[in-house]
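Me: I have a structure to go through. Can you walk me through it in plain words?

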Amino acid sequence: MDVYGALASFAAIVALLTLTPGLDTALILRTSLLAGRRSAWAVVLGIQGGTLSWGMLTAAGLSALLTASQVAYEVLRWAGVAYLIWMGARMLWHSRTIQADDAAPPGPPEAGWGRAFRRGLLTNLLNPKVGAFYVAVLPQFMPRGVPHAVMGVLLAGVHVCEALVWSAVLIGFTGMVRGWLRRPPVRRALDRLTGLVVIGFGLRLAIQQS
């Protein structure tokens with residue numbers, strides 16, 4: 001398999017992964033609807049920064065520790081569980097504070113660019129399943145004669161590009177319906193639904209085995 005064939009094959013696989021609804025989709029939709037496009041893109045860039053980091057770590061051989069060391073995997077897994085449950089609980093608590101006369105989107109805690117970026121980045125980096133996916137899949141797309149570090153960055157870059165396109169679609173869609181979805185009853189329901197989804201992902205990560 002040459003470089004172009006490897007990139008094309010990997011693109012087909014991660015396209016399916018990108019289009020499958022999951023935690024990233026839930027976070028992007030919620031942030032776009034409640035905090036606006038700028039914060040939504042901060043979440044997206046954080047998530048994709050994590051994706052690129054996993055690709056680089058895999059190419060360097062560092063993230064192989066997740067599969068070689070049960071202790072390292074478990075530490076990262078439980079850190080991710082704690083973070084997801086904490087984040088989901090905050091969303092559920094926030095839904096209690098939305099009043100019927102609230103007309104504005106959430107304040108700085110939700111809308112801050114840096115906070116949104118960190119949320120996306122940590123959500124991705126603290127998910128050991130992402131690292132395990134890269135460890136399992138990337139070696140199959142490493143052509144002979146190509147430096148692994150370079151190929152790892154190229155493959156992760158393909159994943160990032162596809163995710164950015166899909167994120168643009170999600171953010172564009174929410175922009176068209178934001179006026180209706182930012183009404184207080186809908187905002188409360190969205191926060192509760194997203195909070196439950198995030199907690200659900202945390203609990204699923206807690207019961208899954210490496």
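Me: Where does the model come from, and how are residues numbered?

Reply: This is a predicted model, where local features need pLDDT of at least 70, side-chain atom pairs count only at pLDDT 80 or more, and totals for chains, interfaces and linings use all residues. Residues are numbered from 1 along each chain as its sequence is written, and side-chain values use heavy atoms, leaving out hydrogens and water.

Me: How many helices and strands are in the protein chain?

Reply: Ten helices and zero strands. Helices are DSSP runs (H or I) of at least four residues, strands (E) of at least two, numbered from the N terminus.

Me: What share of the residues is buried?

Reply: 44% of the 210 residues. Buried means under 20% relative accessible area, with a 1.4 Å probe and protein chains only.

Me: New topic. At what angle do α2 and α10 cross?

Reply: Roughly 155°, with the axes of α2 (residues 23-35) and α10 (residues 184-207) coming within 10 Å. Axes are lines fitted to C-alpha atoms, for helices over the stretch in contact, and angles run from 0 to 180 degrees between N-to-C directions. That makes α2 roughly antiparallel to α10 (over 145 degrees).

Me: Which residues of α2 make the contact?

Reply: Leu23, Ala26, Leu27, Arg30, Leu33 and Leu34. Their partners on α10 include Leu190, Asp191 and Phe201. Contact means heavy atoms within 4.5 Å.

Key. Parallel < 35°, antiparallel > 145°, perpendicular 65-115°, else oblique. Buried < 20%, exposed > 50% of the residue type's maximum accessible area, 1.4 Å probe, protein only.
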